[in-house]
Amino acid sequence: MSQVVGRDDLLLVTLDTLRFDVAAELAEAGRLPNLAAHLPGGRWEERHAPGSFTYASHQAMFAGFLPTPAAPGPHPRLFAARFEGSESTADRTYVFDAPDLVSGLADAGYRTVCIGGVGFFNKRGALGSVLPGMFQESHWEPEFGVASPTSFEAQVARAERVIAELPAGRRLFLFVNVPSLHQPNWFHLPGATREAGDSRATHAAALEYVDRHIGRLFAAASSRRRCFTIVCSDHGTAYGDDGWTGHRLGHESVWTVPYAHFFLEPGAH
């Protein structure tokens, strides 16, 4: 990663609230053709989230603490702030001196852009401005939010515009927080109703919706040069598992998340 930064564009996509088990099942069943085409071996990697809800997890990820492999470590990190005694900083780690990765990449000459989704990115109040405020440029519209059945399509269209307007020589760090998996997601499953509410099945349908449109995002992100891409969940959510519902709690359905990183070569989709 110490060689990638400064050479390639960077894309971080968080599929907010996506459970590992649902993601793995859909990939194995061939229901995620666009994502699976880029997953190493066509499979998600099982990892542990750095937080149990959006704000905590993204604060950690923007500090370089991406989801951790679900096996004993230590595990070398891709990105790390410089500090003595770090057991997860390796020779290949990109080390930055800023307080967060976003600022560190800006210092390295990247244009940093956030396309928000869930409420922690909506800039409608002080709390919703913290995470997008790390970026040089941030975007959020109601059409990007959790209540919009076409949220990801709208986000992709904005990403396409942002990338098209960027000078060719400027490196880009693009972050997209995808809200489609977050509740409410019942409207992504044909025949589901508001009264019946969200379920594991509607969660899966939301991921299929994202898969149908993510090829456009990948194509835009790799339209200028090779793009190093991370796609992961920030945390999962419970749908009655062992009596638990929701997230910001310590259940396996919340802590276990899908993760992948890969290069998008120019012209990828």
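Predicted model: local features only at pLDDT ≥ 70, side-chain atom pairs only at ≥ 80, totals over all residues.
The largest nonpolar core comprises 43 residues, of which Leu11, Leu15, Trp44, Leu174, Leu207 and Leu217 touch the most other members. Two or more residues are given to this core by each of the strands β1 (9-15), β6 (111-115), β8 (172-178), β9 (227-232) and β12 (256-264), and likewise by the helices α1 (20-28), α6 (151-165) and α7 (200-221). The largest share is that of α7, with 10 residues.

When neighbours within four places in sequence are set aside, Leu174 is in contact with Leu10, Leu11, Leu12, Val113, Ile115, Ala159, Ile163 and Leu217. One of these contacts, Leu217, is also listed with Leu174 among the residues that touch the most other members of the largest core.

Strands β10 (residues 238-241) and β11 (residues 244-246) are paired in the antiparallel sense through 3 bridges. Within this pairing, Ala238 has Gly246 of β11 as its bridge partner. The hairpin formed by β10 and β11 has 2 residues between the strands, and Asp242 adopts a positive phi near 50°.

Asp107 belongs to helix α4, which spans residues 101-107. Because its relative accessible area is 66%, above the 50% cut-off, Asp107 is classed as exposed. A separation of 8.9 Å lies between the C-alpha atoms of Asp107 and Phe96, two residues that are 11 residues apart along the chain.

Technical notes
Residues numbered from 1 in each chain as written. Heavy atoms only, no water. Helix = DSSP H or I, 4+ residues; strand = E, 2+ residues; numbered from the N terminus. Buried < 20%, exposed > 50% of the residue type's maximum accessible area, 1.4 Å probe, protein only. Core = buried A, V, L, I, M, F, W, Y, C linked by side-chain atoms within 4.5 Å. Contact = heavy atoms within 4.5 Å. Pairing = 2+ DSSP bridges.
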